[in-house]
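Good morning, and thank you for coming. I would like to present one structure today, so please look at the screen.

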Amino acid sequence: MRDADGAERALLAFLESNAEISNSEAFARDLGVDHELLAGTIKSLHGFGFIEAKDVRRESWELTEEGLVYSRNGSPEVQVFDAVPAGGISREDLQRKLDDSVFSIGFRKAMSNKWLETKPLVSRKVLKVEDVVKQQLLDIKDGKNLSAADIDALKKRKLIVPKVWKAYSITKGANYAPTRTKAATEVTREMLLKETWSEVAFKPYNFQALGQPTEGGHLHPLLKVRTKFRQIFLEMGFEEMPTNNFVESSFWNFDALFQPQQHPARDSHDTFFLKSPCKTQTFPEDYLERVKTIHEQGGFGSIGYMYDWKREEAEKNVLRTHTTAVSSRMLYKLAQDGFVPKRYFSIDRVFRNEAVDRTHLAEFHQIEGLICDKGLTLGDLIGVLNDFFSRLGMKKLRFKPAYNPYTEPSMEIFRQVYPLYGSSALLTLISCCNSYHEQLNKWVEVGNSGMFRPEMLLPMGLPDDVSVIAWGLSLERPTMILYGIDNIRDLFGHKVDLKLIKSNPICRLGM
Amino acid sequence: MPTVSVARELLHTMLGRVYTQEEFDELCFVIGIELDDVTTEKAIIRKEKHLQENEADEDEEVIYKIEVPANRYDLLCPEGICRQLRIFLRVEKMPTYRLSRLPDSSILKMIVKPETAVIRPFVVCAILRGITFDQARYASFIDLQDRLHQNICRKRTLVAIGTHDLDTLQGPFTYEALPPSEIKFIPLKQAQEFTAKELMEFYKSDLKLKKFLHIIEDSPVFPVIYDSNRTVLSLPPIINGAHSAISLNTKNVLIECTATDLTKAKIVLNTMVAMFSGYCDEKFEVEPVDVVDPVGRVTRCPDLSLRTMDVDLSYIKKSIGVPLQAGEIVDLLSKMQLTSKEIDGDKIQVFIPPTRSDILHPCDVMEDVAVAYGFNNIPKTRPKTSTEGRQQPLNEFSDLLRLELAMAGFSEVLNWVLVSKKENFTLLNRKDDEKIAAIVSNPRSSDFEVLRTSLLPGILKVMEHSKDVPRPVKVFEISDVVLLDPSKDVGAANSRHLAALYCSTTSGFEIIHGLLDRIMNVLNVPVDGYTVEPSNEPELFKGRQAKIFYKGSCVGSFGIIHPQVLKNFDIPDPCSYVEMEIERFL
């Protein structure tokens with residue numbers, strides 16, 4: 001018996017003087033090696049181009065376990081026949097002499113062949129029988145061909161089953177050589193040292209396969225988009241506000257923004273209130289008084305809301321529902337420190353007591369920008385929004401009147417979803433839309449904006465010709481659109497897929 | 001934002017032409033309402049009954065569902081929406097709402113008893129005389145009350161509306177507050193008499209009304225309105241009496257609004273009469289009622305007078321950024337239901353109708369000018385404000401550290417601040433000593449009970465959900481936790497933490513220790529600048545944990561996660577973990 005190397009040498013040697021090996025199976029038999037072993041060698045030689053191997057499929061027959069037994073012991077009908085003595089035998093005695101299965105199959109078969117009769121002893125009807133079945137089985141074992149009718153009969157008796165043989169026909173390949181040296185896969189330091197690199201044969205590289213995955217850590221997709229938004233604000237000259245205070249008083253979150261105390265947003269259905277620390281104790285008292293007055297009686301040209309404003313409501317602590325709570329603190333501070341023009345921004349978490357579903361979480365990130373200066377106009381707001389959103393690749397905006405308790409005018413920002421052209425962000429958006437055609441040329445809301453009400457700004461002590469224009473949007477929504485994520489929990493929170501963090505692309509909003 | 005259903009046919013009739021859906025959508029966009037959905041009445045019923053869509057037939061009446069701004073109570077019914085659109089499109093002129101001229105003696109009275117002060121002190125009333133209802137108007141009349149109750153009335157707590165067939169009643173009326181057992185009447189939709197006390201029991205099983213019981217339930221006296229024959233008109237804010245129920249055939253309607261907030265009661269009453277006086281024989285005329293308060297002061301209501309507001313023209317022009325002429329501004333305002341005239345001193349005087357309670361300040365007038373001019377017609381300008389961009393140092397610092405951790409082979413996760421008490425304490429082998437964690441009082445589910453005091457629960461939950469991720473897993477988070485802090489005005493403060501976890505078939509304690517050294521290295525803290533000392537934290541494994549000290553104080557700890565904690569979070573593999581405060585290194 002030869003080993004694989006021996007088989008390889010023999011095969012290559014054979015091809016040196018012969019044009020073809022038509023059947024690798026016969027070749028293996030002649031060589032005295034297992035065909036499976038030779039097949040491995042053939043595949044390897046083929047891979048390196050030494051030989052050209054083509055599949056040859058052949059169907060042959062194989063004995064079943066039962067067939068194998070009969071090929072040794074003879075068919076059951078002949079066994080039964082042989083067990084019947086010349087003088088006959090009782091059926092019971094005959095049965096006792098044989099295996100149960102041999103008797104039951106063989107007796108029936110011998111009877112139908114009319115070899116035996118019962119009168120009532122079982123006795124031979126013919127003198128001699130030939131075991132054709134056994135011979136047929138042996139022929140199949142030897143790979144000889146049988147007639148279709150014989151095959152059919154054996155198949156019916158479940159003595160043989162078909163077997164597919166896979167073999168190869170082999171000719172010389174493009175890189176044929178009578179012997180081969182092992183091909184290299186890597187350039188090694190040794191090759192460089194010994195300068196053998198020019199002599200070594202290299203295994204062809206499979207360019208269809210993926211390379212080896214990189215190692216290293218990855219940044220979170222939502223925060224990659226946050227980085228982009230921060231860059232845009234910084235490039236546009238905005239200063240970041242300190243937003244690391246999730247617990248806020250109702251005063252700064254609502255009252256300071258001229259949001260009346262009966263406003264539905266202040267309902268426990270929308271806002272998280274705190275049991276501990278349940279209330280805020282210290283406020284700038286004079287400012288609090290001015291806020292109370294503007295709510296109750298108005299002032300600065302406003303009639304106010306005309307209701308009883310309660311300090312207890314303002315004291316209640318909440319998880320801030322918007323980062324505008326921080327804006328109100330910053331603008332108040334600006335008024336105290338002495339007004340100078342400012343551009344502020346922040347991107348941080350806000351909290352809503354909402355039911356969690358595919359598009360809503362109890363906490364999400366709000367992006368907010370504002371400009372505080374004398375003489376700002378609605379035209380300025382529209383202009384700055386166009387500048388901001390065009391940096392995200394949204395060139396065409398439209399504005400819809402809206403209502404918000406602390407801005408007047410209030411404008412919802414809409415952008416058009418274009419057909420397939422424009423920036424990569426838009427392309428991404430389009431490609432991830434299920435209802436692609438429906439989305440075309442549609443106006444989609446992308447944020448909210450407005451000018452802060454004088455009832456908010458003037459009690460702070462800002463000069464009365466100062467206006468504040470502001471806008472806000474969520475960070476999650478553009479991120480989900482950008483990365484084609486349709487369930488917010490796949491993005492933010494512990495159910496995130498770590499594979500998603502690893503595989504998501506760089507944030508090219510607006511590039 | 002409230003949504004109002006309007007039949008498309010009605011809209012087209014009222015607007016005097018047929019609009020395609022796109023055209024109507026566009027009109028809504030310009031004026032600031034929104035075509036939210038297009039449906040049919042039958043489709044709504046089918047939806048309620050969860051029937052299949054395919055049963056729709058062609059000739060069903062199409063209904064537009066229109067979202068309106070939350071402060072425009074006058075747009076809460078089809079009448080109001082059509083009126084605003086007609087005026088905007090200049091199909092209709094702004095109507096003048098007026099009180100009918102009657103001798104004082106013929107004006108009906110509502111006498112308020114002093115006891116009402118403790119439960120629901122205010123009432124305002126009006127009468128719509130000679131009204132003609134039909135199916136649609138009647139349905140709209142009921143719907144408007146429902147929407148007002150839902151919105152401005154804050155589910156009837158602030159204001160409750162009662163409407164009555166005046167012809168079944170005999171004035172004057174009294175508004176009283178009596179012990180529940182003394183009030184007895186047949187309520188709407190019932191056949192038998194109940195005492196108010198019995199009613200409160202009876203309605204506990206009523207899906208619609210049980211929500212309102214709490215408003216008066218605990219009071220020793222309940223508000224109630226009687227006519228001069230002691231017929232009960234209503235038990236506000238729960239139910240009206242059956243006796244004075246209105247029907248399609250009612251000609252004269254008494255509207256009463258009881259309230260804890262008088263301003264809102266007036267707005268509600270004005271909205272009701274402004275919307276439906278259009279169906280009276282004398283169009284837009286309302287019959288007043290005199291409300292006599294406990295000290296005998298008489299207030300005639302409703303007050304339909306026009307409020308005036310003087311607005312600087314320069315303020316409007318400067319705020320919008322468009323050089324409009326006074327005449328143009330007056331013209332634009334007329335589209336928004338505001339009449340105005342130019343007065344001396346570069347000003348206009350604006351006359352605000354009772355339907356526009358949303359106008360509080362000249363800025364609201366300015367907005368209406370901008371809306372009528374068209375937001376999208378305003379030329380873009382750039383603010384001249386020149387400022388420098390600047391980052392918050394803490395955020396800039398955090399971002400630099402985030403990059404370092406990612407470069408060290410750790411992947412970033414981002415978890416919620418809100419966690420359950422169990423996750424923040426029990427599952428970490430910790431007890432809540434009520435001294436560190438801020439607690440939410442009204443979480444919708446136990447998932448949001450407490451603000452995390454460390455980043456650990458979130459990261460362990462990530463691992464719980466990452467069982468099939470090939471090991472080793474290396475994750476980090478740099479984010480805020482919240483701790484009670486009496487030195488802050490609100491009593492709590494954020495603290496920025498850095499946390500990293502390694503998980504594999506072995507615990508990898510040295511890997512986390514090495515990461516700590518690396519963090520100190522990039523923070524430019526020399527090897528002898530920090531110390532680690534064995535510790536005994538319950539969430540970490542004994543003998544494989546230490547506290548990190550920097551400049552004499554503890555800034556964090558690291559160690560192998562305690563096997564019990566791993567089990568609590570159903571994590572099959574050992575993990576090592578480091579968490580530290582980073583603000584001290586800033």
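Chain A carries 68 positive and 68 negative side chains, and the centres of the two sets lie 5 Å apart. Here Lys and Arg count as positive and Asp and Glu as negative, without His or the chain ends; each charge is placed at NZ of Lys, CZ of Arg, CG of Asp or CD of Glu.

Please note that this is a predicted model, in which local features need pLDDT of at least 70 and side-chain atom pairs pLDDT 80 or more, while totals for chains, interfaces and linings use all residues. Residues are numbered from 1 along each chain as written, chains are lettered from A and ligands numbered from 1 in written order, and side-chain values use heavy atoms, without hydrogens and water.

Turning to shape, the C-alpha atoms of chain A fill a box of roughly 130 × 75 × 45 Å along the principal axes. The radius of gyration of chain A is 44 Å, whereas a compact globule of 511 residues would have one near 24 Å. That radius is taken over C-alpha atoms, and the globule rule is 2.2 Å times the number of residues to the power 0.38.

In chain A, 53% of the 511 residues are buried, meaning under 20% relative accessible area with a 1.4 Å probe, protein chains only.

Finally, I turn to chain B. B:Asn270 is buried, at 9% relative accessible area. Leaving aside neighbours within four places in sequence, B:Asn270 contacts B:Pro302, B:Asp303, B:Leu304 and B:Pro354, a contact being heavy atoms within 4.5 Å.

Notes: Buried < 20%, exposed > 50% of the residue type's maximum accessible area, 1.4 Å probe, protein only.
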